[in-house]
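Colleague: I'm new to this one, could you walk me through a few spots in it?
Modeller: Gladly, have a look at it here and then ask away.

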Amino acid sequence: MKKEYKDLRSARWMAPDDLRSFGHRSRTMQMGFGPEDWEGKPIIAVINTWSEAQPCHMHFRDRAEWVKRGILQRGGFPMELPALSLSENFVKPTTMLYRNLLAMEVEELLRSHPIDGAVLMGGCDKTTPGLVMGAVSMGIPFVYLPAGPMLRGNYAGQVLGSGTDGFKYWDERRAGTISKEQWTGIEGGIARSYGHCMTMGTASTMTAIAEAMGLTLPGASSIPAADANHQRMSAECGRRIVEMVWDDLTPDKIITREAVDNAVTVAMATGCSTNAIIHLIAMARRAGIPLELDDLDRIGRTTPVLANVRPSGKGYLMEDFFYAGGLRALMKQIEPKLSPKAITVTGRPLVEGLDAVQVFNDDVIRPLSNPVYHEGSLAVLKGNLCPDGAVIKPAACDPKFHKHSGPALVANSYAEMKTIIDDPDYPMTPDTVLVLRNAGPQGGPGMPEWGMIPMPKALLKDGHRDMVRLSDARMSGTSFGACVLHVAPEAYIGGPLALLKTGDIVELDIPNRSLNMVVDAAELATRRAAWVAPEPRYERGYGQMFGKHIEQADKGCDFDFLRSDFGGPTPEPAIN
């Protein structure tokens with residue numbers, strides 16, 4: 001049933017014949033608008049995460065105008081509201097410390113203003129989950145507008161992938177196989193347009209997840225940022241959100257169990273970032289869908305990687321993925337695995353129209369009969385080192401490490417780890433398991449992307465380019481290698497990783513999904529009794545609140561008080 005103007009949230013602010021609404025209308029007129037701009041129309045928030053410290057979103061000043069154009073074309077009244085930008089490049093110690101702050105800001109921006117619907121503008125890693133989590137908790141209609149991947153990098157005739165090739169060539173620089181001049185050339189060629197990372201890192205993963213969950217227009221997540229299709233799609237987001245408001249198409253009607261499972265399935269088929277696990281769990285739980293690590297592993301075991309895009313794939317980047325047909329083409333390849341019940345912001349089923357979609361390059365978007373990797377992108381491990389789970393990306397590491405046993409070499413901080421990896425004579429072998437702990441949600445703080453531990457110089461000089469690395473931290477989705485991450489509970493709060501000692505044997509078995517330290521129970525009990533909890537990272541401010549309320553990686557690292565099952569619903573603001 002269509003809404004009428006009197007039913008809109010914004011009408012509470014703008015329609016009554018009273019002194020308070022007089023103030024709302026007069027101050028709107030102060031900005032140059034007149035009654036014809038808002039009367040009888042929904043007010044649409046354009047939540048813009050543009051900033052001058054956010055290279056992934058540098059085009060958002062322009063795109064916001066295209067969104068507003070679409071809103072006006074459909075008879076809405078746009079209201080642009082800036083939100084925390086969360087640049088992966090510049091924010092320290094990590095954007096993950098502030099993802100929940102963005103979610104809180106978005107929820108309260110939408111609740112406290114006269115907003116009927118929203119277009120959420122994001123793309124860089126934490127902006128997608130942060131924006132979606134906040135908007136889902138608020139519950140009004142919204143469309144997600146992905147920033148789009150940047151163009152391919154290039155240096156000396158070689159195609160470069162952001163993040164992935166940076167890590168790769170940094171190892172070569174440290175090994176002395178490339179010169180400073182070559183390094184500088186790579187530095188200037190690896191990111192040559194606006195837009196987020198064009199590898200299948202966390203940014204591309206999360207925008208694909210948003211589309212697969214039904215929160216974007218069909219095909220929106222694949223369009224390169226610099227392509228003119230991106231402007232047209234931005235305007236269409238503006239048009240569609242006005243229709244969604246009148247149709248009362250709220251997120252609870254879109255984010256169902258089937259939609260979440262579709263998002264997990266698509267993520268696995270893309271060769272997704274390990275960060276997808278944390279954000280997917282958090283997004284699903286905000287919508288009241290109890291997603292668990294075991295659910296992700298179950299779907300991953302039967303969903304092969306079909307996107308031949310770095311770092312899990314070889315050679316291709318997101319621009320190639322778009323030309324090959326984009327995410328809709330990948331969905332076509334796995335359509336039998338997708339639920340036809342789930343709908344999108346269009347109001348129509350996600351799978352509708354896939355029969356007409358074409359795959360234009362089946363080496364970039366593989367068929368089920370010729371996958372990049374036979375299982376999904378991620379594997380969830382359990383064992384006495386990680387009773388609540390850990391994750392690894394099997395497709396992005398050397399298969400010889402899928403079953404591995406070796407002695408631990410433990411660092412208690414990143415500074416300690418740097419001393420180890422920068423010493424060309426540090427005693428270790430290729431079987432060594434390099435361990436970084438106290439880098440989780442509380443220990444980091446914020447669970448930084450320190451889990452992509454660079455290869456030690458002691459092994460690089462002998463030609464080794466991969467080894468088993470283990471941490472309670474995260475790693476960039478553009479990274480690769482035999483890195484076990486998200487160990488839960490984290491060491492900083494006394495998880496079993498805190499009890500591991502240098503020299504203990506660590507056993508990794510990806511096929512059997514296990515991760516254990518070969519230490520008997522009596523010895524572990526002795527170590528547990530001797531363990532002393534570290535001092536809190538923060539004693540005041542946001543950091544203190546973060547440490548008090550952050551949940552562990554297996555729960556999505558949300559704040560406990562923001563879960564959908566925490567307390568009753570938040571009421572609409574009083575207007576007095």
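Modeller: First a term: a residue is buried when its relative accessible area is under 20%, exposed when it is over 50%, and partly exposed in between, using a 1.4 Å probe and protein chains only. Helices (H or I, at least four residues) and strands (E, at least two) are DSSP runs numbered from the N terminus. This is a predicted model in which local features need pLDDT of at least 70 and side-chain atom pairs count only at pLDDT 80 or more, while totals for chains, interfaces and linings use all residues. Residues are numbered from 1 along each chain as its sequence is written, and side-chain values use heavy atoms, with hydrogens and water left out.

Colleague: OK, which residues are buried in helix α19?
Modeller: In α19, which covers residues 541-549, the buried ones are Tyr542, Gly543 and Phe546. Seen down the axis of α19, they fall within an arc of 100 degrees, taken from the directions from the helix axis to the C-beta atoms, so they line one face of the helix.

Colleague: And what do the buried residues of α19 pack against?
Modeller: They pack against α5, residues 99-112, where contact means heavy atoms within 4.5 Å.

Colleague: Switching topic, where does Thr303 lie?
Modeller: Thr303 sits in the loop between α13 (293-301) and α14 (318-323), and with a relative accessible area of 2% it is buried. Beyond its neighbours within four places in sequence, Thr303 is in contact with Thr265, Met268, Ala269, Lys337, Glu375 and Gly376.

Colleague: Which backbone oxygen does the side chain of Thr303 reach?
Modeller: The side chain of Thr303 reaches that of Ile299, at 2.8 Å.

Colleague: What about Gly123, buried or exposed?
Modeller: Gly123 counts as buried because its relative accessibility is 0%, and its place is in the loop between β3 (117-122) and α6 (127-138). Leaving aside neighbours within four places in sequence, the contacts of Gly123 include His57, Tyr144 and His196.

Note on methods. A polar contact is a pair of N or O atoms within 3.5 Å; within protein, one must be able to donate a hydrogen and the other to accept it, and residues adjacent in sequence count only if both atoms are side-chain atoms.
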